[in-house]
Amino acid sequence: AIAPIKLSGQNLQTFTEELAELLEAGMRLEPALKLMEGKGEKTPHRRAAKRIGNLVREGHPFSNAVKMASPSFGELFCSVAAAGEAGGALSAGMRRQAAYIAKSRVLHQ
């Protein structure tokens, strides 16, 4: 099995904000993740984007792919992702998650 990717609060926030912005701009999930992989930068959130993108291309729903890629995406994130996918509102879900992650990071400093 591939080792899960550990993401810090900052990594999670960056990943979620970037994804929300791309989806809000009208990009579909797969191209958005592909863009987020970046040009060879090996930061944790870029590695996560690559792994999640690969899982999505294999046919896994995004909400399962994030769970499989990293335990750092908690239950709430996965639930919000699943609800967003089901309702066709993934960008709004990711925007709310980004705000939530930012708030909880401030509280836990």
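**Figure 1. Residue R105 in helix α6.** In this predicted model, R105 is found in helix α6. With a relative accessibility of 27%, R105 counts as partly exposed, because that class lies between the limits of 20% for buried and 50% for exposed residues. Leaving out residues up to four places away in sequence, R105 touches G9, Q10 and Q13.

**Figure 2. The packing of α1 against α6.** The axes of these two helices, α1 and α6, come within 8 Å and cross at roughly 155 degrees. Helix α1 is therefore roughly antiparallel to α6, since angles over 145 degrees are placed in that class. The crossing of α1 and α6 is left-handed. On the α1 side, the contact is made by G9, Q10, L12, Q13, T16, E17, L19, A20, E21, L23 and E24. On the α6 side, the residues are L90, S91, M94, R95, Q97, A98, I101, A102 and R105. Sorted by class, the contact of α1 with α6 contains nine nonpolar, six polar and five charged residues.

**Figure 3. The packing of α1 against α3.** Helices α1 and α3 pack with their axes 9 Å apart, at an angle of about 55 degrees. The two helices, α1 and α3, are therefore oblique to each other. Their crossing, that of α1 and α3, is right-handed. From α1, the residues N11, T14, F15 and E18 meet P44, H45, R46, A48, A49 and I52 of α3. The contact of α1 with α3 has five nonpolar, three polar and two charged residues.

**Figure 4. The largest nonpolar core.** This core has 28 residues, of which F15, L19, I52, F62, F73 and M94 touch the most other members. At least two residues of the core are supplied by each of α1 (9-24), α2 (29-37), α3 (44-57), α4 (62-69), α5 (75-87) and α6 (90-107). Helix α1 provides the largest share of this core, six residues.

**Figure 5. The surroundings of F73.** Which residues does F73 contact, leaving aside its neighbours within four places in sequence? The contacts of F73 are L7, L12, F15, I52, V66 and C78. Among them, F15 and I52 also belong, like F73 itself, to the residues that touch the most other members of the largest nonpolar core.

Note on methods
Residues numbered from 1 in each chain as written. Predicted model: local features only at pLDDT ≥ 70, side-chain atom pairs only at ≥ 80, totals over all residues. Heavy atoms only, no water. Core = buried A, V, L, I, M, F, W, Y, C linked by side-chain atoms within 4.5 Å. Buried < 20%, exposed > 50% of the residue type's maximum accessible area, 1.4 Å probe, protein only. Helix = DSSP H or I, 4+ residues; strand = E, 2+ residues; numbered from the N terminus. Contact = heavy atoms within 4.5 Å. Axes fitted to C-alpha atoms, helices over the stretch in contact; angles between N-to-C directions. Parallel < 35°, antiparallel > 145°, perpendicular 65-115°, else oblique. Left-handed = near helix turned anticlockwise from the far one by under 90°. Nonpolar A, V, L, I, M, F, W, Y, C, P; charged D, E, K, R; others polar.
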